[in-house]
Amino acid sequence: MDPRDTLLTSDASTDTSVSTATTTALSYSAVLWDMDGTLVDTEHYWMEAIDELMTAHGLSWSEEQQLLMVGNDLITSARILIDHGLEMEAEVIVETLLDGVSARVAEHVPFRPGAQELLAALREAEVPCVLVTMSYRRLAETVLEAVPSGTFRGIVAGDDVTHGKPHPEPYLAGAALLGLDPAACVGLEDSVPGITSAVAAGTRAVGIPHDVALDPPADPEHPDRVLIDTLAGVTPTDLDRITAPLV
């Protein structure tokens with residue numbers, strides 16, 4: 001699938017090209033956001049949905065086991081459940097879990113600290129954002145209903161790509177949707193598969209650990225990622241400073 005076909009049109013225009021005139025004060029041109037655990041704190045929604053499904057089939061599921069799922073594409077996560085005894089087709093598992101999480105998101109979208117404020121500041125600075133998530137498009141669109149129209153230029157979802165995270169394809173597709181080199185994009189991630197994908201694609205990868213720890217750069221002199229504790233208080237200019245070692 002052409003990644004440009006994944007555009008979420010939130011206004012009348014379908015032109016996703018980026019004007020460099022609006023971002024000349026910054027050394028990056030766009031921000032690519034992971035969703036679950038980075039933009040929104042929905043991992044507990046997934047935990048609840050999985051626990052309900054496993055319990056309905058007489059199986060147990062723990063928080064420790066849930067960490068195996070973080071950041072994976074949904075088919076991989078479904079196969080983990082199958083390996084733990086769930087006798088269902090992977091595709092059916094995915095759709096069942098999506099139903100459960102989507103219903104919870106429709107009632108309340110739990111944003112991560114600082115995420116809404118950074119989004120608003122990026123919008124004010126005319127820096128385009130794309131959502132790059134392994135959740136499927138129908139869930140991503142439900143989440144984006146909670147942000148102002150036009151906040152995101154598009155979505156690259158798990159059902160839009162051939163290879164999910166940790167493969168670079170999702171972040172390559174996110175940059176391509178805007179017609180940008182990945183090196184001109186900041187990638188925000190909270191998971192090991194996600195940060196691996198963002199690094200492999202060549203973005204300025206920023207890790208914000210949440211439920212799982214993230215490995216620091218192997219070579220501090222030539223880092224391939226930076227790690228920060230939170231997005232709270234982070235501004236577009238701060239992202240420039242934070243990612244300076246990656247340029």
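The chain has 9 helices and 6 strands, where helices (H or I, at least four residues) and strands (E, at least two) are DSSP runs numbered from the N terminus. This is a predicted model, in which local features need pLDDT of at least 70 and side-chain atom pairs count only at pLDDT 80 or more, while totals for chains, interfaces and linings use all residues. Residues are numbered from 1 along each chain as its sequence is written, and side-chain values use heavy atoms, with hydrogens and water left out.

**Chain totals**

- Of the 247 residues in the chain, 56% are buried, that is, under 20% relative accessible area with a 1.4 Å probe and protein chains only.
- The chain exposes about 10,800 Å², of which carbon and sulfur atoms supply 51%, with areas from the Shrake-Rupley method at a 1.4 Å probe.
- Contacts (heavy atoms within 4.5 Å) between residues at least 6 apart in sequence join, in 65% of cases, residues at least 24 apart.

- Strand β1 (residues 30-33) pairs with β2 in the parallel sense over 3 bridges, pairing being assigned if DSSP finds at least two bridges between two strands, and leucine 32 has valine 130 in β2 as its bridge partner.
- Strand β3 (residues 154-156) runs parallel to β2 and is joined to β2 by 3 bridges, with isoleucine 155 in β3 as the bridge partner of leucine 131.

**Crossover**

- A right-handed β-α-β unit is made by β2, helix α6 (residues 137-144) and β3; right-handed here means that, with the strands pointing away from the viewer, the path from the first strand over the helix to the second runs clockwise.

Note on methods
Buried means under 20% relative accessible area, exposed over 50%, partly exposed in between (1.4 Å probe, protein chains only).
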